[in-house]
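Hi,

Here is the structure I promised to pass on to you.

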Amino acid sequence: GIAGYRNTIADQGGTLTGSMVRAGWTHTFANGSTLDTRAYISRDERDQPILYESRDLLGLEAQHTLVMDERHTVVWGGEFRHWWENFQSFNDFHFADPKTTISLGSLFIQDEVALRPGLKLTVGLKAETNSYSGADWLPSVRLAWSPHEDSVLWAAVSRAVRTKNRIERE
C-alpha cells in the first residue's frame, strides 16, 4: 500500500513543515515465509528567525523471513537511507558547509531455533556502514524462556553502537 502526509505548524515565529510518502509490499509464500519491502521519501523543513534547516530523505528496506520448519526460522534483510541536509544558523553557531549528504546502509541475518517447547535461542549479526563512522559489526545472542503461555523471561548479549550526529561530527 501507499500512504502519505503533509503537515505545517507555526512555532516560535517560524514554521515547521513535514511531508512523507511511504509504499510497502508484503508477500506470503506457501510455506509461511514472507517478504516485506518498504520505500519512503520525506522532507522536513524548519524556518525560524535564528535558523533554517531542511532534510530530504530516501529510504529502502527489505526483510525476508524463511520458515525452515516448525522449530527454525531465519530472517535476513537490509536497508539503505540517504539524506541531504541544509542547516543554516543566523547566530554564532555555524557549520563550515551548511549542506551535506549522509548515507547509511546495513545487512542483517538472524537465526531463531526452538531448543525445546518454550525455549528459543536467537543468534544474529548486523553489518552497518555510514558516512561518519564507517563499518560496524553488531552481533547478538538472545535466549527466551516461556514457562507459561502469558509470560516470557529472556536474556541477551548484544553489541550496539550509536551513530554520531552531524553536530558531534562536524
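Setting aside neighbours within four places in sequence, tyrosine 40 is in contact with Met20, Val21, Arg22, Leu57, Leu58, Gly59, Glu61 and Arg81; contact here means heavy atoms within 4.5 Å. Please keep in mind that this is a predicted model, in which local features need pLDDT of at least 70 and side-chain atom pairs count only at pLDDT 80 or more, while totals for chains, interfaces and linings use all residues. Residues are numbered from 1 along each chain as its sequence is written, and side-chain values use heavy atoms, with hydrogens and water left out.

Tyr40 also belongs to the largest nonpolar core, which has 6 residues: Tyr40, Leu57, Trp83, Ile102, Leu104 and Tyr132. Such a core is a set of buried Ala, Val, Leu, Ile, Met, Phe, Trp, Tyr and Cys residues joined through side-chain atoms within 4.5 Å. Buried means under 20% relative accessible area, exposed over 50%, and partly exposed in between (1.4 Å probe, protein chains only).

**The strands**

Strands are DSSP runs of E with at least two residues, numbered from the N terminus, and two of them pair if DSSP finds at least two bridges between them.

- β3 (residues 34-48) runs antiparallel to β4, with 15 bridges, and a hairpin joins the two through 2 residues. Threonine 34 stands opposite threonine 65 in β4.
- β4 and β5 are antiparallel and joined by 18 bridges; they form a hairpin with 2 residues between them. Leucine 57 faces tryptophan 83 in β5, and serine 54 has asparagine 86 as its bridge partner in β5.
- β5 and β6 (residues 99-116) are antiparallel too, with 15 bridges. Tryptophan 84 stands opposite threonine 101 in β6.

**A nonpolar patch on the surface**

Which residues form the nonpolar patch on the surface? They are Ile2, Val21, Ile41, Leu58, Leu60, Phe80 and Trp84, with about 640 Å² of accessible area together. β4 (51-69) and β5 (72-89) are the elements that give two or more residues to this patch. Patch residues have over 30% relative accessible area and no salt bridge, and nonpolar side chains (Val, Leu, Ile, Met, Phe, Trp, Tyr) are joined within 5 Å. A salt bridge is a side-chain nitrogen of Lys or Arg within 4 Å of a carboxyl oxygen of Asp or Glu, and accessible areas come from the Shrake-Rupley method with a 1.4 Å probe. Phenylalanine 80, found in strand β5, counts as partly exposed because its relative accessibility is 36%.

Best wishes

Technical notes
Patch = residues over 30% accessible without salt bridge, like charges linked within 9 Å, V, L, I, M, F, W, Y side chains within 5 Å. Helix = DSSP H or I, 4+ residues; strand = E, 2+ residues; numbered from the N terminus.
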